[in-house]
Amino acid sequence: MKTVQMFGMIAELFKTDRLACDLPADATVETLRRHLAALKPQLSDMQYAVALDHEIADDTAPIDSAADIAVLPPFAGG
Amino acid sequence: MSDHDPASAVQPPGPTTLSADARYRYARQLRLPGVGIEGQQRLAAASVLVVGAGGLGAPALQYLAGAGVGRVGIVDFDRVQAPDLHRQPLYGETALGRLKVEAAAERLADLNPLVRVEPHATVLSPANALGLVANYDVILDGSDNFATRYLVNDAAVRSGRPVVYGAIHRYEGQYCVFNWNGGPTYRCLCPTPPPDAQAPSCSEAGVLGVVAGLVGVQMAWQALAIILEQTVSASGRLTLFDLASGRTTTIGVQRREEQVARAMKGPLGESEHYAGPLSVCAAPDDLEVGAADVLDGWTPGEGGGTIAVVDVREAGEEVFGVPIEAPRVPASMLPARVDLLPSAPLVVLCCETGGRSLAAAARVRSENGAARVKSLRGGLLALDAERMRRGPGGM
């Protein structure tokens with residue numbers, strides 16, 4: 001079980017800023033994206049970045065070894 | 001200076017010494033290690049362009065001018081409105097209805113007459129972005145929409161200028177320095193412009209004044225750190241904080257050469273679809289109507305004239321929004337309930353900022369082919385600004 005930190009609109013969508021996700025051992029960032037989109041279909045159209053251990057990660061990056069996972073939608077407000 | 005060498009973007013200080021006035025004014029910061037006479041001369045020789053004189057730009061401007069940055073440019077096309085004041089204390093009651101760049105320039109001239117303030121009362125557009133950005137050493141992106149943020153990024157990458165980025169969402173704020181000293185760019189964090197609908201503006205989502213203030217002041221410091229050649233702690237480090245939960249996180253962003261190349265590709269602003277805002281990326285001409293045209297042709301409270309205005313905000317939203325005397329058909333009901341729209345030859349849909357009304361007008365157009373249904377460009381905030389510009393009785 002991985003805890004994913006949520007920010008901005010995605011945290012509001014899930015009504016939490018920390019979501020527990022049950023992901024397979026060989027999961028990548030892409031797997032996480034599909035997992036989240038299955039829970040909230042709106043996410044499949046949304047662009048957002050994923051950070052593993054405080055670094056922006058590619059979709060192909062494996063998640064299993066990451067201690068810290070964050071989901072970061074872009075902010076426009078200013 | 002090489003066009004693409006951000007490190008050389010800040011001009012070295014000239015041979016001037018500080019006047020007695022300046023030594024007295026800056027006495028407290030001149031004592032700081034890392035500033036001193038040389039640092040103060042660097043500040044005086046430097047220039048910063050602040051894009052957007054709103055929640056982020058207004059506090060940043062106060063501290064940039066106070067610190068003695070020699071030349072401060074401000075780009076903003078907007079006017080001061082009452083809902084701005086809670087987070088933009090640069091302005092006061094006397095500024096209501098005035099161009100932000102003018103009101104800001106006056107206030108900053110009073111704050112520090114040693115600073116040259118250059119107001120640019122215009123929309124940052126693909127036509128003017130490169131000229132404006134290249135004319136300053138450091139760019140502060142305090143804009144409120146994705147289109148402007150990508151335009152700032154691409155113009156800055158092309159002219160080798162560092163960008164201090166900041167953005168806010170409700171109780172959350174974030175900031176980062178991009179394109180500095182070979183560091184990552186905004187596109188390395190967000191490769192492709194999302195539709196503006198993905199992130200509502202402050203007008204629509206709500207925002208806490210202190211969040212904007214905290215990010216704006218951090219942005220001012222990062223710009224000063226670049227100029228003073230101090231550690232630019234936010235270069236490639238995206239800091240996020242949430243005042244509601246107390247959480248603060250820092251995320252590293254790596255430079256991606258393919259994203260830098262995308263910023264350089266094709267005519268500025270045309271290399272791909274910019275998803276908004278309406279003022280920068282014009283919607284199809286016939287899908288929008290301007291606030292001035294609406295005020296000229298519309299009689300409030302009347303549905304049978306040549307122009308009928310329809311409020312498409314959701315129920316309850318108007319409590320905190322711009323008041324308007326117009327029938328309500330929430331955007332969520334369109335196009336399904338197009339039958340509820342008035343029968344006037346021109347029906348103008350309006351929401352707070354013009355985004356949802358444009359989307360609703362486009363949906364009605366594509367499903368019903370109703371060319372008489374358009375959207376108010378810039379939304380009710382633009383209508384309110386136009387009303388204020390015309391003054392009392394200027395409906």
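Biologist: What makes H4(B) and H10(B) meet, and which residues do so?

Modeller: Residues are in contact if their C-beta atoms, placed from the backbone, lie within 7 Å, and in H4(B) the residues that meet H10(B) are Gly57(B), Ala58(B), Pro59(B), Ala60(B), Tyr63(B), Leu64(B) and Ala67(B). Their partners in H10(B) include Ala212(B), Gly213(B), Gly216(B) and Ala223(B). This is a predicted model, in which local features need pLDDT of at least 70 and side-chain atom pairs count only at pLDDT 80 or more, while totals for chains, interfaces and linings use all residues. Residues are numbered from 1 along each chain as its sequence is written, and chains are lettered from A and ligands numbered from 1 in the order in which they are written.

Biologist: How do you know that H4(B) and H10(B) pack at an angle of about 40°?

Modeller: Axes are lines fitted to C-alpha atoms, for helices over the stretch in contact, and angles run from 0 to 180 degrees between N-to-C directions; on that basis H4(B), residues 57-67, and H10(B) pack at about 40° with their axes 7 Å apart.

Biologist: How many residues of this contact of H4(B) with H10(B) are nonpolar, polar or charged?

Modeller: Ala, Val, Leu, Ile, Met, Phe, Trp, Tyr, Cys and Pro count as nonpolar, Asp, Glu, Lys and Arg as charged, and the others, Gly among them, as polar, and by that rule the contact divides into 12 nonpolar, three polar and no charged residues.

Biologist: Which residues of H4(B) meet H5(B)?

Modeller: Leu61(B), Gln62(B), Ala65(B) and Gly66(B) of H4(B) meet Ala104(B), Leu108(B) and Leu111(B) of H5(B), and the axes of H4(B) and H5(B), residues 100-111, come within 9 Å and cross at roughly 35°.

Biologist: What makes a set of residues a nonpolar core?

Modeller: The set must be buried Ala, Val, Leu, Ile, Met, Phe, Trp, Tyr and Cys residues joined through C-beta atoms within 7 Å, where buried means that 20 or more other C-beta atoms lie within 10 Å of a residue's own. The largest such core has 108 residues, of which Val48(B), Leu61(B), Val72(B) and Ala223(B) touch the most other members. Helix H10(B), residues 209-228, gives the most to this core, with 12 residues.

Technical notes: Buried ≥ 20, exposed ≤ 12 C-beta atoms within 10 Å, placed from the backbone. Helix = DSSP H or I, 4+ residues; strand = E, 2+ residues; numbered from the N terminus. Contact = placed C-beta atoms within 7 Å.
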